[in-house]
Amino acid sequence: ILIPLSATFLKSTQLGWDSFWATVTAPRVVASYRLSFGASFLAAVINLVFGLLVAWVLVRYRFPGRRLIDALVDLPFALPTAVAGIALTAIYAPNGWIGRYLEPLGIKVAFTPTGVLVALIFIGLPFVVRTVQPVLQELKPDLEEAAASLGASRRQTFFRVLLPSLWPALLTGFALAFARALGEYGSVIFIAGNMPMVSEITPLLIITKLEQYDYAGATAIAVAMLVISFLLLLLINLLQWWGRRRHQ
């Protein structure tokens, strides 16, 4: 891990500070940061909510087809990212299975930033589900029954009894989904449209720089993205530590 990271930082030093700063703060690059980090964060938040719901249903309820749904959760892990991108584009394109019904409503998904969000939700959901699911399995229904016997409502039981125990796992799932979304490339480029300043993600911009043999520029953007990512993940880890300490 350290060797490629070190090489990235060393390569970017060839630009000099002024050229480095001009490269990483160019309007097109900043727009790609805004989309990549914004869409990744929003997708991770959505996955945090719905991942908890899916994990809750799979653990607490028994119904026909439960095993099939449980297996389908892992589909984004097994599916090649390019295949996922092509499939999502075919579904949400203006003439796709779902896109044809959204188009008359003025809702465009494919080839827009919304398409990027949809792709990142798709590839990030399993991280939250699989992180929260084991913790839910360890939480016995006796806790909820004890809280109910003491007069707690369902809402109070969830926020005061269950959520403190689930919070570290939820933050871990959020961090994994967020980190996975930041580096996603294959499933996004097909559905994004890749329009500069509109739907161009930072990994694609790095690839574009490499294809133009601008290796120093590509590594400069990669370094900026790494630094921002590390700071955000450090913040999430601090929140995890605070959550565990508070729970103890």
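## Overall architecture

The protein chain contains 13 helices and zero strands. Read from the N terminus, its elements follow the order α-α-α-α-α-α-α-α-α-α-α-α-α. The model described here is predicted.

Along the principal axes, the C-alpha trace of the protein chain spans about 65 × 50 × 30 Å. The protein chain has 248 residues, and buried residues make up 41% of them. Among contacts in the protein chain with a separation of 6 or more, 77% join residues 24 or more positions apart.

## Nonpolar cores

In soluble globular proteins, nonpolar side chains tend to be buried together. In this model, the largest nonpolar core has 38 residues. The residues with the most contacts inside this core are Tyr 33, Val 132, Leu 136, Leu 166 and Leu 170. Two or more residues of this core come from each of helix 2 (17–24), helix 3, helix 8, helix 10, helix 12 and helix 13 (215–247). Helix 3 gives the most, with ten residues.

Leu 166 illustrates how residues of this kind are placed. Leaving aside neighbours within four places in sequence, Leu 166 is in contact with Leu 52, Val 132, Val 135, Leu 136 and Leu 139. There is also a second, separate core of 21 residues, which includes Leu 88, Leu 120, Ile 123 and Ala 181.

## The enclosed cavity

Rolling a probe the size of a water molecule over the atoms shows where empty space is left. A search of the whole structure finds one cavity of 30 Å³ or more. The space in the largest cavity is about 50 Å³.

The residues that line the largest cavity are Leu 35, Ser 36, Ser 40, Val 116, Leu 120, Ala 181, Leu 182, Glu 184, Val 188, Ile 201 and Pro 203. Helix 3 (27–60), helix 8 and helix 10 (154–182) are the elements that give two or more residues to this lining. With three residues, helix 3 gives the most to the lining of the largest cavity. By class, this lining has eight nonpolar, two polar and one charged residues. Leu 120 and Ala 181 belong to the lining of the largest cavity, and Leu 120 and Ala 181 are also included in the second core.

## The two largest pockets

The largest pocket holds about 340 Å³ of space. Its lining has 14 residues, and those closest to the pocket centre are Trp 56, Glu 144, Arg 154, Phe 158 and Leu 162. At least two lining residues of the largest pocket are supplied by each of helix 3, helix 9 (141–149) and helix 10. Helix 3 gives the most to the lining of the largest pocket, with five residues. Sorted by class, the lining of the largest pocket has nine nonpolar, two polar and three charged residues.

The second largest pocket has a volume of about 260 Å³. This pocket is lined by Ala 179, Leu 182, Gly 183, Pro 203, Ile 206, Ala 222, Met 225, Leu 226, Ser 229 and Phe 230. Helix 10, helix 12 and helix 13 each supply at least two residues of its lining, and helix 13 gives the most, with five residues. The lining of the second largest pocket has eight nonpolar, two polar and no charged residues. Leu 182 and Pro 203 line the second largest pocket, and Leu 182 and Pro 203 also line the largest cavity.

## Two individual residues

Thr 202 lies in helix 12 (residues 202–211). Because its relative accessible area is 0%, Thr 202 counts as buried. Not counting residues up to four places away in sequence, Thr 202 touches Ser 32, Tyr 33, Ser 36, Ile 221 and Met 225. Of these, Ser 36 is among the residues lining the largest cavity, and Met 225 is among those lining the second largest pocket.

Leu 105 is found in the loop between helix 7 (99–102) and helix 8 (113–138). Leu 105 counts as exposed because its relative accessibility is 63%, and exposed residues are those over 50%. Leu 105 and Ala 148 are 43 residues apart along the chain, and their C-alpha atoms are separated by 45 Å.

Key: Residues numbered from 1 in each chain as written. Predicted model: local features only at pLDDT ≥ 70, side-chain atom pairs only at ≥ 80, totals over all residues. Heavy atoms only, no water. Helix = DSSP H or I, 4+ residues; strand = E, 2+ residues; numbered from the N terminus. Buried < 20%, exposed > 50% of the residue type's maximum accessible area, 1.4 Å probe, protein only. Contact = heavy atoms within 4.5 Å. 1 Å grid on protein atoms, 1.4 Å probe; cavity = no way out; pocket = protein on both sides within 12 Å on 5 of 7 lines; lining within 4 Å. Points joined across faces, edges and corners; volume = space filled by probe spheres on them. Nonpolar A, V, L, I, M, F, W, Y, C, P; charged D, E, K, R; others polar. Core = buried A, V, L, I, M, F, W, Y, C linked by side-chain atoms within 4.5 Å.
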